[in-house]
Amino acid sequence: MAKPLEFTPRTPTPQEQLHTEVADSTEALLAGLHLLRQLHEHGVLDVAQKTVRGGEGLTASLLHILGGQSSTALLRNVTELGKTLSELDPGEVSVLGHAVTVGVHEGARHVAAGKGIGLGELLGLLKDRDVQVALGAIFALLKGAGRALREANEEVPQTANQAEVGR
């Protein structure tokens, strides 16, 4: 009887493997190159590179891509909104957000039921503890906003107790 031949196939070289993969992925590679070219033409790759490098020149690149005065105002407003949101305590925002959500649901149920409110009912609601707490929160928000607006106009001298608590 004949002896079986011993054959070990040769392992392809990395270049051969790459050539095979490229041949199998030609359509995907062409689509990827087209996308890459578009990203480069629109300056998106430049912005991505600057982001990776730590944002050096990022704002100028974004302004150039967006172009125009309205885009500049938009970016400034987003920056200011970001600063404002970063100063808020997440716990306080969570509590107030939940309160607003519950209040919206309660208001929607009231509207769906077609209920109105008369003057007598309004005065009666002022005795309701939930209404008192909500009104207290709203008036505190208005007081704080008013104080901040006056301070922004430099109208308000700090009183002794404001200085003590850092307001």
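This report describes the helices, pockets, salt bridges and selected glycine residues of a predicted model.

## Overall architecture and confidence

The chain contains 9 helices and 0 strands. Read from the N terminus, its elements follow the order α-α-α-α-α-α-α-α-α. Of the 167 residues in the chain, 6% are buried.

Confidence in the prediction is expressed as pLDDT, and the chain averages 84 on this score. A score of at least 70 is reached by 83% of the residues. Helix α8 has the highest confidence, at 93, whereas helix α9, which covers residues 160-164, has the lowest, with a mean of 56.

Helix α2 spans residues 26-41 and has 16 residues. From its first C-alpha to its last, α2 reaches 22 Å, close to the 22 Å expected at 1.5 Å a residue. Just after α2 comes Gly-43, which takes a positive phi of about 80 degrees.

Helix α6 can be described in the same terms. It has 23 residues, and the distance from its first C-alpha to its last is 32 Å, close to an expected 33 Å at 1.5 Å a residue. Just after α6, Gly-114 has a positive phi of about 70 degrees.

## A glycine in a loop

A further glycine, Gly-57, is found in the loop between α3 (44-52) and α4 (58-66). Is Gly-57 buried, partly exposed or exposed? Its relative accessible area is 36%, so Gly-57 counts as partly exposed.

## The largest pocket

The largest pocket holds about 900 Å³ of space. Its lining consists of 24 residues. Those that lie nearest the centre of this pocket are Gly-103, Glu-106, Asp-130, Val-131 and Ala-134.

Which helix gives the most to this lining? The answer is α6, with 10 residues. At least two lining residues come from each of α6 (90-112), α7 (119-125) and α8 (129-152). When the lining of the largest pocket is sorted by class, 16 residues are nonpolar, 3 are polar and 5 are charged.

## The second largest pocket

The second largest pocket has a volume of about 210 Å³. Among the residues that line it are Glu-87, Leu-88, Asp-89 and Glu-92. Val-93, Leu-96, Ala-137, Ala-140 and Leu-141 also belong to this lining.

Helices α6 and α8 each supply at least two residues of the lining of the second largest pocket. By class, this lining has 6 nonpolar residues, no polar residues and 3 charged residues.

## Salt bridges

How many salt bridges does the structure hold? There are 3. One of them joins the side chains of Arg-10 and Glu-16, with an N to O distance of 3.0 Å. Arg-10 counts as exposed because its relative accessibility is 59%, which lies over the limit of 50%. Glu-16, at 33% relative accessibility, counts as partly exposed.

Another salt bridge links Lys-83 with Glu-80, whose closest N and O atoms are 3.2 Å apart. Both Lys-83 and Glu-80 belong to helix α5 (residues 69-87), where they are 3 residues apart, about one turn of the helix. An α-helix has 3.6 residues a turn, so residues three or four places apart point the same way. Lys-83 is partly exposed, with a relative accessible area of 43%, and Glu-80 is partly exposed at 44%.

A further salt bridge lies between Glu-106 and Arg-109, with the closest N and O atoms 2.7 Å apart. Glu-106 and Arg-109 are both in helix α6 and are 3 residues apart, about one turn of the helix. Glu-106 is partly exposed, having a relative accessible area of 48%.

Technical notes
Residues are numbered from 1 along each chain as its sequence is written. Side-chain values use heavy atoms; hydrogens and water are left out. On a 1 Å grid over the protein atoms alone, a cavity is a set of points where a 1.4 Å probe fits but cannot get out, and a pocket is an open set with protein on both sides within 12 Å along at least five of seven lines; lining residues have an atom within 4 Å of a point. Grid points are joined across faces, edges and corners, and a volume is the space filled by probe spheres set on the points. Helices (H or I, at least four residues) and strands (E, at least two) are DSSP runs, numbered from the N terminus. Ala, Val, Leu, Ile, Met, Phe, Trp, Tyr, Cys and Pro count as nonpolar, Asp, Glu, Lys and Arg as charged, and the others, Gly among them, as polar. pLDDT is the predictor's confidence in each residue, from 0 to 100. The expected span of a helix is 1.5 Å times one less than its number of residues. Buried means under 20% relative accessible area, exposed over 50%, partly exposed in between (1.4 Å probe, protein chains only). A salt bridge is a side-chain nitrogen of Lys or Arg within 4 Å of a carboxyl oxygen of Asp or Glu.
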